[in-house]
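User: Here is a model I want to go through. Please take me through its charged contacts.

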Amino acid sequence: MAASTARELRNFVDGGYVDGVRTFDKRNPVDGRLVARVHEADARLVDAAVGAARTALAGPWGRSSVAERVAVLRRVADQIETRFDGLLAAEVADTGKPVRLARKLDVARAVANFRTFADLASAAGTDGFLTDLADGRRALNYALRRPLGVVGVIVPWNLPLLLTTWKVAPALACGNAVVVKPSEETPGSATLLAEIMAEAGVPAGVYNVVHGFGPGSAGELLSTHPGLDGVTFTGETGTGRAIMRAAAAHVRPVSFELGGKNAAVVFADADLDRAVEGLCQSVFANTGQVCLCTERVYVQRPVFDEVVTRLSAAAGQLRLGDPADPATTTGPLISTGHREKVLSYLRLAREEGAEVVAGGGVPAMPPQIQAGAWIEPTLWTGLDNAATVMREEVFGPVAGIVPFDDDADAVRLANDTRYGLAASVWTRDLERGHRVAQQLRVGVSWVNTWFLRDLRSPFGGIGLSGIGREGGHHSLEFYSETTNVCVRLADETRTGAAA
Ligand code: NAD
Ligand code: 6OD
């Protein structure tokens, strides 16, 4: 039998790797092989991580200037580039996503996240007002920005490095110290990032990582810890509820990016080549495991059949397989457990009357990877918004396609959800594009594109999709506390008009 190549992944606390109380296995979703033995943190270790972060804030990091922190962030970005291949390998081993996707999306975004928040922090100002009251009193008001403090960063498995760095970069830019809890499914890249942080000169205790699960494990232990000053979380809406309850007990701020049931609206006047290509991306990218992925496609009646036919054909063209093969477009789901959930929704869709027009089951794969969490890219028609599968987030490569008549109908259907994360509108008529995009009750509305990101722009969700916005100055605001200083100046003498 071949020797195991599984790595040991430890917690990172106060600048060093630390054993957990026990280990759990992380398996590769492509073939089920053991990737890592992960050291689970217990209450004592989570406490040590929070304590290390607090201590770091009392040291030089807590007194650092913006310019010093910006320099650190730039070094982290450079070091991620230097260690690009290692991060890429960790991300692909944990998620099974195609190398070419992880290269372009996940690891490249980690670099961009640190550079963007370095730029933004160095350019950020604060409010300042010269107060001039009617009674002649004058004052200078200016706002001071301080770090929030110790921030808990709890992240999911779908875009692990992208989402971790999306939160850690602005948190460090603002002078905080963080305790990161990666998903139990994707412990690799956050652990490797700890080495990168140390190489880039991030002081011990500023970046900590604790491994484990959610309830009864590191996730719950971190989110309920009294020593946190704030929590930033990306993940399922139900998990957000639990974290919010814990935050309420301590009256501390939360920033939540949660689930979605995102709509795409395709008008008959759309460039259908572009729309079908865009839909294929938005439904199937990362095997449908992006919170922004489309699971409801509304198509104007005159082009409904054509879009169904063309999108189904595009789904059939996707190449599932070895992540290292440049021809692979689509990886497995994150785990066979998650596949069970997605398959149960596909069974339900059929019971609810869906006509499956593409995929619908588990594909036959080569024997060496048949044990992986593979699933066919799937589309159905025949269900309206009343169906459970048109209302609940599936988080897989699946979508229902539904016809609509006019703009008002499209807006009504797209907004008929308790989620409100993202939407895309496909039309050649830009006036209509603006009009419809503005009527959609979502945090992010795209026209003739999908997942095109400017990191300075606000990002987040409405309703069950989240609380707050991150991105640009919104991130800097969440990760800061502001104190307004009001200094009385000499009164204005209002007697006697100018000579
Ligand atoms: P999840 O909520 O199950 O887990 C996310 C993280 O929370 C993990 O680290 C997990 O261990 C931890 N966790 C779980 N229960 C916890 C608890 N009770 N207390 C504290 N921590 C706990 O989500 P997931 O399955 O990892 O990711 C998929 C979900 O994430 C989908 O719903 C998806 O839409 C959502 N998501 C949203 C966005 C966004 O930007 N809105 C981005 C990515 C993913
Ligand atoms: O692009 C981003 O900044 C972001 N937070 C994306 C989230 C994707 C969810 O899966």
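User: How many salt bridges does the structure hold?

Analyst: This is a predicted model, where local features need pLDDT of at least 70, side-chain atom pairs count only at pLDDT 80 or more, and totals for chains, interfaces and linings use all residues. Side-chain values use heavy atoms, without hydrogens and water. A salt bridge is a side-chain nitrogen of Lys or Arg within 4 Å of a carboxyl oxygen of Asp or Glu. The count is 30.

User: Arg22 and Glu40 meet in a salt bridge. Which of these two counts as buried?

Analyst: Their N to O distance is 3.2 Å. Arg22 lies in strand S4 and Glu40 in strand S5, so the pair ties together parts 18 residues apart in sequence; strands are DSSP runs of E, at least two residues, and helices runs of H or I, at least four, numbered from the N terminus. Buried means under 20% relative accessible area, exposed over 50%, partly exposed in between (1.4 Å probe, protein chains only). Arg22 is partly exposed at 49%, while the one that counts as buried, at 8%, is Glu40.

User: Which residue does Glu81 meet in a salt bridge?

Analyst: Glu81 sits in helix H2 and its partner in helix H4, so the contact ties together parts 34 residues apart in sequence. Glu81 is partly exposed at 41%. At 2.9 Å, N to O, the partner is Arg115.

User: Asp269 pairs with Arg432. Which residues join these two in one network?

Analyst: Asp269 and Arg432 meet at 3.1 Å, N to O. Asp269 is in the loop between strand S13 and helix H9, and Arg432 is in helix H13, 163 residues apart. Through salt bridges that share partners, the network also takes in Asp407 and Arg435.

Terms used:
Residues are numbered from 1 along each chain as its sequence is written. Chains are lettered from A and ligands numbered from 1 in the order in which they are written.
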